[in-house]
Amino acid sequence: MAPPRLVASRLPVPWSYFFFLLGVAVLTRWIYLDDFQANPFYNFYVKYTDSLNYDLGAKALLAGGWLASAPINAYSPLYKYLLGAAYWVFGDSFQTVWLCQSALGVGTVLLIFLIGRELFNPRAGLLAALLFNFYGPALMYEGTILRATLITFLGVWSLYQLILLARNPSLKIMIPTALAVSLFIQSRPNVLMIFAVLLVLGRSQIRAAWPMIKKTAPLVFLFFIPLLVQAWLVHGKFVFFEASGPMAILAGNHPDYLGMGYFKNFTYEEASQGRFFQAFALLFERIFSHPLDFSAMYMRKIYFFFSSAEPPNNVNFYFYREFSSLLNTPLCNFAVMSAMGLAGMAICLRNKKKPVLLFSYALGLTLAVVPFSFLARYRIPATPYFALFAGFALDWLLREIEKKRWKPALFALLLTANMTLDLSSPNLFSMIDNKFIRYKKDHYALLLIQKGNFELAREYLKRYLITYPNKSNAHRVLAVSLWRSGKLREAVRANRNALLFAPPEDEAGIRLDLALLFDGLAEGENAKAEVRRGIQLTEDEPTSPVGVKLRRYRELLAQKYPEQKSG
């Protein structure tokens, strides 16, 4: 008996679907980029994020430094090289990145359709492609100097090429397949987990395809060589593209880790010093010392992976969605896609329809994320495969309705709806708000101020302070916006409000701000009074940065506003 195939039988391409999706994908990105211009990140990125290293590496390449070196070279250099190539062809600008990555997004949508058509049927492919097209976080990352969009495109391209190769193991298919798989691995090496899962799920298929694999694998390794040489020259040792070492995994493996987000206090000293084996020895010691805590932590991580949570790192979806209606649709909730995707997997297994490659990609990329810190951008490359299973589930539901099989259709619909609600619980929204939204508001307002958009920063903060009036730092940032706009008296009031809610360690800094404002208003005595209060607060730490500034400013004020001698 012949082993089951890696893929299903071929179906003709309905070109009307293809060109419809092309139009929808292009129009979606045109609308989003138009909305994006109101976002302060349209032509700006925060200097301490990964975007800085990718951008500087690409510019170094453009200037003739073929190693594409940046201040931090821990991540795979592939994105830097492709970014540098885009700068060379189209010009060094943010708009170059947004347009190129939007093109990759359109390509990803079309490839999802083609994969769905190959594995299921054209309607399932169409539905899957539409689900991914309107998934807001994936759209958002197309407007960032981060590699999530590139990894996502390379993933679906590699899957499509493997499907074609399974049908036609010819050299003209083998070479682009090897290139796609090789670049996908080079973009983020932990995607190798896909092929580990494939070894478990598709053993019989692999045996049948072994002659083809033996011919393709050497080509994959051949395409590795340029970046392996680059990594050797940059790091002075063999590095399999990524040199982030144990830091990446240890940050997400602490018994007290929430299950999402990145928290530096959960790393270990050995990780920051690059002590790979010592760090992992400590990790396993912690696991064996706290087995129940680690089990609970992994249950949280799995739940959050499938949930609606979008834990920010480098960029924040909860901020970006304030600038585009496309980021506020129900399809931006990953819980909708994951619930339908899991339902699609279950229906496939029930119907004994097992697209092994698709299962391997979906499960492999899930397992490539869960052991690490769970961040929204890490989940983006896994999204197309859940969209494909979700498209299949929707197509199955429509077929059941067409055949008037009401009971299984209703049961599946209710089960999926219940799962979606469980993965989007109000408690989860509260946790997201506390951890990832509230404390970022003042940070993004500062970015607006840095961009010179004082009015938008004030509107943004005033809306926030209506809901959270006791946030001292938000009042301080509002004061900065007013100050920079020349509204000194209003800035004084904002800082007075900040004092009402400020923790003790912040009060001296606010007093210094008030003194500067009163000085700007030519109210010397008020300025001196605020300095005196600030100095009293720093008596125990006179050499602290704020303490030093207060004492120096006292001297300047004494010269500027000398004491008046009584007659």
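**Entry 1: ground rules.** I am working with a predicted model, where local features need pLDDT of at least 70, side-chain atom pairs count only at pLDDT 80 or more, and totals for chains, interfaces and linings use all residues. Residues are numbered from 1 along each chain as its sequence is written, and side-chain values use heavy atoms, with hydrogens and water left out.

**Entry 2: the second largest pocket.** I looked up its volume, which is about 580 Å³. A pocket is an open set of points on a 1 Å grid over the protein atoms alone, with protein on both sides within 12 Å along at least five of seven lines; lining residues have an atom within 4 Å of a point. Points are joined across faces, edges and corners, and a volume is the space filled by probe spheres set on them. I found 21 lining residues, with Val 181, Phe 195, Leu 198, Ile 213 and Ala 217 nearest the centre. Helices H7 (148-167), H8 (171-187), H9 (193-201) and H11 (210-235) each supply at least two of the lining residues. H11 gives the most, with eight. Helices here are DSSP runs (H or I, at least four residues), numbered from the N terminus.

I then sorted this lining by class: 20 nonpolar, one polar and no charged residues. Ala, Val, Leu, Ile, Met, Phe, Trp, Tyr, Cys and Pro count as nonpolar, Asp, Glu, Lys and Arg as charged, and the others, Gly among them, as polar.

**Entry 3: cavities.** A cavity is a set of grid points where a 1.4 Å probe fits but cannot get out. I noted six of 30 Å³ or more.

Phe 41, Phe 44, Tyr 45, Val 315 and Tyr 320 lie nearest its centre, among 13 lining residues. Eight are nonpolar, five polar and none charged.

**Entry 4: Thr 538.** I found Thr 538 in the loop between helix H27 (524-537) and helix H28 (545-560). Is Thr 538 buried or exposed? Thr 538 counts as buried because its relative accessibility is 7%, and buried means under 20% relative accessible area (1.4 Å probe, protein chains only). Neighbours within four places in sequence aside, Thr 538 is in contact with Ala 508, Ser 544, Gly 547, Leu 550 and Arg 551. Contact means heavy atoms within 4.5 Å.

Definitions and conventions: Buried means under 20% relative accessible area, exposed over 50%, partly exposed in between (1.4 Å probe, protein chains only).
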